[in-house]
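Here are my notes on the salt bridges and the sheet. Please read them alongside the coordinates.

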Amino acid sequence: MICRSFEPIYTPQARILIVGSMPSVKSLEQAQYYAHPRNAFWRILFDIFSEPPTLDYERKKALIREHGLALWDAAAICEREGSLDSDMHDVVYNDFSMLYEVCTDIRTVLCNGATAHSLFLKSGYAGERRVVRMPSTSPAYTLPYEKKLEAWKKTLLNALYTP
């Protein structure tokens with residue numbers, strides 16, 4: 001099956017770019033980033049910023065923008081059966097230069113898991129930015145939620161509040 005990523009979520013003031021690999025089948029069906037109910041991505045962000053979680057996708061996108069973040073996937077298009085990153089092939093990368101032209105303050109890229117990290121580095125769009133491999137928020141990555149939250153909180157807040 002051919003999978004196509006979504007448009008990025010960003011504000012021109014974004015300082016941190018969060019990169020995934022490719023939306024899951026559930027996310028593609030719902031046309032929402034991280035729509036699988038067991039994916040911890042949104043829960044982690046709402047916990048980091050001490051805000052009540054919501055199912056409202058517009059509120060989720062607003063959270064990204066309000067906190068100077070940008071969100072996009074490394075892959076624009078790929079072939080994949082199911083949702084596993086390990087099944088991705090024939091990857092076409094997103095053109096991050098467009099995003100960087102608008103979001104000129106992005107200095108840190110947080111990659112959501114090993115595949116996102118690998119794909120982003122292969123894309124050639126890292127440039128002078130700091131690229132950090134974060135624990136995947138996917139339910140397939142079995143690290144306990146508290147450990148994922150701790151890693152994301154420390155790295156994200158440090159990057160946001162360090163010049």
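1. A polar contact here is a pair of N or O atoms within 3.5 Å; within protein, one must be able to donate a hydrogen and the other to accept it, and residues adjacent in sequence count only if both atoms are side-chain atoms. The side chain of Glu51 makes such a contact with the side chain of His67, at 3.2 Å. A second one, of 2.5 Å, joins the side chains of Glu51 and Arg59.

2. On provenance: this is a predicted model, where local features need pLDDT of at least 70, side-chain atom pairs count only at pLDDT 80 or more, and totals for chains, interfaces and linings use all residues. Residues are numbered from 1 along each chain as its sequence is written, and side-chain values use heavy atoms, with hydrogens and water left out.

3. Where does Glu51 sit? Its place is the loop between helix H2 (41-48) and H3. Helices (H or I, at least four residues) and strands (E, at least two) are DSSP runs, numbered from the N terminus. Leaving aside residues up to four places away in sequence, Glu51 touches Phe46, Arg59, Leu63, Glu66 and His67. Contact means heavy atoms within 4.5 Å.

4. How many salt bridges are there? The count is three, taking a side-chain nitrogen of Lys or Arg within 4 Å of a carboxyl oxygen of Asp or Glu. Glu51, Arg59 and Glu66 are linked in a network of them. The closest N and O atoms are 2.5 Å apart for Glu51 and Arg59, and 3.0 Å apart for Glu66 and Arg59. Arg59 counts as partly exposed because its relative accessibility is 23%. The classes are buried under 20% relative accessible area, exposed over 50%, and partly exposed in between (1.4 Å probe, protein chains only).

5. Glu58 forms a salt bridge with Lys61, with closest N and O atoms 3.1 Å apart. The two are three residues apart in helix H3 (residues 57-66), so about one helical turn separates them. Lys61 counts as buried, at 17% relative accessibility.

6. Now the sheet. Four strands form an open sheet in the order E3-E2-E6-E7, with parallel pairing. Strands E3 (69-73) and E7 (130-134) stand at the edges with a single partner strand each, so one side of each has no neighbour in the sheet. From one strand to the next, the twist averages 25 degrees. Angles run from 0 to 180 degrees between N-to-C directions, and axes are lines fitted to C-alpha atoms, for helices over the stretch in contact.

7. E2 (residues 16-20) and E6 (residues 108-112) pair in the parallel sense over four bridges; pairing requires at least two DSSP bridges between two strands. Leu17 stands opposite Val109 in E6. Helix H6 (residues 145-161) packs on the sheet and touches E2, E3, E6 and E7. The direction of H6 makes about 165 degrees with that of E7.
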